[in-house]
Amino acid sequence: SYREISGHPDEWFVAGYFTCSFKEKSVALDTIRRCLASRNKTQPVGLFNCGSVFRNPKDDYAARLIEACGLKGKNRGDAIVSPKHANFIINRAHAHAADVECLIEEIADIVERETGTHLVREVHIIGVAQSRTLLVAFERALSRRGLFEHVDLPVANLAKQSDSELS
């Protein structure tokens, strides 16, 4: 399974080679059509998104946990948890990488706090974490010590500002 592949943490796959059994073309096309139809029913196909955000924990589903915490529709700037599949984050229009990163951190935090399950990211952030992601990490550290209570409004407004406006 692809979830079991181990390697250097700073490396990723850009291509793959697979061995498949050959079947009649019509049978193969039928299988593909069924898979695509199923995917279209359950995932936000046709919308800009970052794919499956978290790995499924053992004996559970990340989407189920996220939905159970009431996070479908939660947003940071223009990044929003898909109302169709809770393990997808959609870019509604002008989401920045920092909006997505902050939302990912917030989802993981809430799910862990409410269910005790630590979600492992399936997506990998390439590059330096955005300044607003650091702000969320700082908020998390303070809130764990009881020194900070999260308020959506200021951070949501902050997420809409550009980095140059924050300097």
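These legends accompany several close-up views of a predicted model.

**View 1. The whole chain, from one end to the other.**
Welcome to the predicted model, a protein chain with 6 helices and 4 strands. Starting at the N terminus, the elements follow the order α-β-α-β-β-β-α-α-α-α. Of its 167 residues, 29% count as buried. The accessible surface amounts to about 11800 Å², and carbon and sulfur atoms account for 56% of that area. If we take the contacts between residues at least 6 apart in sequence, 64% of them join residues at least 24 apart.

**View 2. Strand E4 and its partners.**
Asn49 has Ile90 of E4 as its bridge partner, and Ser52 stands opposite Phe88 of E4. E3 and E4 also run antiparallel, joined by 3 bridges. For Val81, the bridge partner in E4 is Ile89.

Glu106 lies in helix H3, while Lys74 sits in the loop between helix H2 (62-68) and E2, so the pair ties together parts that are 32 residues apart in sequence. Are these two residues buried or exposed? Both Glu106 and Lys74 are buried.

**View 3. Arg121 and Glu105, a link between a loop and a helix.**
Arg121 and Glu105 form another salt bridge, with 3.5 Å between the closest N and O atoms. This pair connects distant parts of the chain, as Arg121 is in the loop between H3 and helix H4 (131-144) and Glu105 is in helix H3, 16 residues apart. Arg121 counts as partly exposed because its relative accessibility is 33%, a value between the 20% and 50% cut-offs. Glu105 counts as buried because its relative accessibility is 19%, and buried means under 20%. Elsewhere, salt bridges with shared partners join Lys74, Arg76 and Glu106 into one network.

What is the phi of Asp59, a residue that is not a glycine? Asp59 has a positive phi of about 65°. Most residues other than glycine have a negative phi, which is why such a value deserves a look. Asp59 is found in the loop between E1 and H2, and with a relative accessible area of 75% it is exposed. The view also takes in Asp60, whose side chain meets that of Arg64 in a salt bridge with an N to O distance of 2.7 Å. Arg64 is partly exposed, its relative accessible area being 44%.

**View 4. The surroundings of Glu67.**
Glu67 has its place in helix H2. A relative accessible area of 44% makes Glu67 partly exposed. Which residues does Glu67 touch, not counting those up to four places away in sequence? They are Lys72 and Ala86. From Glu67 to Val81, the C-alpha to C-alpha separation is 9.5 Å in space and 14 residues in sequence.

Leu29, Ile32 and Leu36 together make a nonpolar surface patch of about 250 Å². One of these residues, Ile32, is found in helix H1 (residues 25-42). Ile32 is partly exposed, with 46% relative accessible area.

How values were computed
Residues numbered from 1 in each chain as written. Predicted model: local features only at pLDDT ≥ 70, side-chain atom pairs only at ≥ 80, totals over all residues. Heavy atoms only, no water. Patch = residues over 30% accessible without salt bridge, like charges linked within 9 Å, V, L, I, M, F, W, Y side chains within 5 Å. Areas by Shrake-Rupley, 256 points an atom, 1.4 Å probe, with all protein chains shown as cover. Salt bridge = Lys/Arg side-chain N within 4 Å of Asp/Glu carboxyl O. Helix = DSSP H or I, 4+ residues; strand = E, 2+ residues; numbered from the N terminus. Buried < 20%, exposed > 50% of the residue type's maximum accessible area, 1.4 Å probe, protein only. Pairing = 2+ DSSP bridges. Contact = heavy atoms within 4.5 Å.
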